[in-house]
Amino acid sequence: MKNSKLYGGLGLFICLLSSAFFIFPLVIMVVRSFHSGGIANYSRVFDKYNLFVNFTTSVIVVGCTLAITAVVVSFAAFAFSKLRFRGSRALYYLLLSGMMVPVAATIFPLYQIVRGLGLINSPFSLIFPYATGSCCFNLLILKNYYDSIPNEMLEAANIDGANKLRTCWQVVMPVAKPGLAVVLMQTFLASWNELQMARIFIADTDVQPISVVPVRFAQTISSRDFTQEVMYAALVICLLPIVIFYIFAAKSLVNGLTTGAVKG
Amino acid sequence: MRRKSELTNYLFILPILVLFAVFIVYPIVYNFIISFFEWSGFGPDITFVGLENYVTILNGKIIWKVMHNFIIFALITITLQALFGMIFASFFINNIRGSSVYRILFYLPAVVTPAIIGQVFSKFFEANRGYLNTFLRALHLDPLAQTWLADPSLALYCICFVNIWQWTGYSMLLYYASMLNIPSDLYESASLDGANKAQQFTRVTFPLLRGTHFTVFILGMLGSLKCYDIVFILTNGGPNYATETFSVYIQNLSFSMFRQGQSATVVVIMFIIAMVITAVQLQLYYRSNQHKELAR
């Protein structure tokens, strides 16, 4: 169906205006980072902070969270979608309710566990809580994806003598790759950006993940060698991995979330 | 034989169940128990106080401020995010030029690190040389220049503004997804009957989006309950608790004031609210599904 000229024009106008609204803070950040000093602002960031350690922490946390989530949620989604066992519906809804639980409701007891295990200031303090959150959050998406895979495929694998584990790993998983990709992209974003737990479990500013580092900038700002412009440069550096990720993954993420939402 | 095979089925969900039990169920039960004790969180000095924490918290003024903020914040953000999300989605469903690019741009705020964007917004709202006030003064609208985040009557609305900036793209995607599901012949027959775009929207699209309205509402309520990152960066609950949320309140009770019993009490109160919301959601979801069956 063709849109009328008026509708098309109005739509375009509103969308252009809204684009400006949605990217203006990022534009401010990038433009200001080059003010009074240009590219030198960026090198001053590295004089002041060794962000390399912070990036390493983030990479360890996110990498391990992704690995655990991928395995755990794949098995769970396979079981809830393709296997029969008593109580499966009740357990499924119980696990889904996990995504309703705010971080604040679990953070102090988790802190006690982390402290008990001597993991304070270690990246490993964050991995399991993050993975648990991701698994509950993404179970729905992946289970829906598995539901769309025809059961005949499993029966064929069964006749060929594959056991359940091999069916899950070698027959269903490869077909479900696009679903798993969306799950992993979401997990990456959530664990890379998480602030609330990261700030408490890794209090040592030298090793804290990138999602917490900007909090520190607010405290050091307006000292002579750390002007507002240098802070913006530092913010741009911190955001860089997300920007690179989004440049490559935006299309599949947005489309994947759209189809995932339909099935949900 | 069948028994054994059913037992091995459980092995597939064993990992997720273990994670769920250790990192979600155990902490909640722990908090529930702690809410009846007085404890700093360190050392063995722990006293059973019965319901005293509940009395203290419910008699204090902060919890009511928190609930008040929660309701205002939820109402404003949910309504506006849903409204804007729907408007954008309907542009995209009608395939206006550049739709796929706009979809990606509008979702961008949802992926950027909250702590980073929080810093930019704190410079944006800053009273003296903040971008917003500079901009208003440049337009000779000086009376409109405010102290924004430092003003108790405005701070919460500033937080709402940032939240809407961040999450409108998400509700846009949800609406867009379910609009894709509406069969196009409905629009064709509506337009044959002489309905224009606006009428098609109010008579066809809007009612058929019922399920999504519920989803957006529930996710918005839970989001408002969880709301932490932006508040922590911009105001940390201030000025004078004007932007205090459940998450900020709990976090400060636990890790600044070391009152674990009271903190756990607030967790329990928040949890009861979350459960009520979830129960309502399941009810509505069930009813809306029935509605869909009938429509078919």
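Modeller: The contact takes 66 residues from chain A and 72 residues from chain B. Two residues are in contact if their C-beta atoms, placed from the backbone, lie within 7 Å. The side of chain A that touches chain B has 51 nonpolar, 13 polar and 2 charged residues. Here Ala, Val, Leu, Ile, Met, Phe, Trp, Tyr, Cys and Pro count as nonpolar, Asp, Glu, Lys and Arg as charged, and the others, Gly among them, as polar.

This is a predicted model: local features need pLDDT of at least 70, side-chain atom pairs count only at pLDDT 80 or more, and totals for chains, interfaces and linings use all residues. Residues are numbered from 1 along each chain as its sequence is written, and chains are lettered from A and ligands numbered from 1 in the order in which they are written.

Now the core. The largest nonpolar core has 150 residues. Such a core is a set of buried Ala, Val, Leu, Ile, Met, Phe, Trp, Tyr and Cys residues joined through C-beta atoms within 7 Å. Buried means 20 or more other C-beta atoms within 10 Å of the residue's own. A76(A), L235(A), I159(B) and V266(B) have the most contacts inside this core. Its largest share, 16 residues, comes from helix α7 (residues 155-180) of chain B. Helices are DSSP runs (H or I, at least four residues), numbered from the N terminus.

Take I159(B). Beyond its neighbours within four places in sequence, I159(B) is in contact with F73(B), I230(B), V231(B), L234(B) and T243(B).

Chain A itself has 12 helices and 0 strands. Of its 264 residues, 43% are buried.

Terms used
A residue is buried if 20 or more other C-beta atoms lie within 10 Å of its own, exposed if 12 or fewer, and partly exposed in between; C-beta atoms are placed from the backbone. Helices (H or I, at least four residues) and strands (E, at least two) are DSSP runs, numbered from the N terminus.
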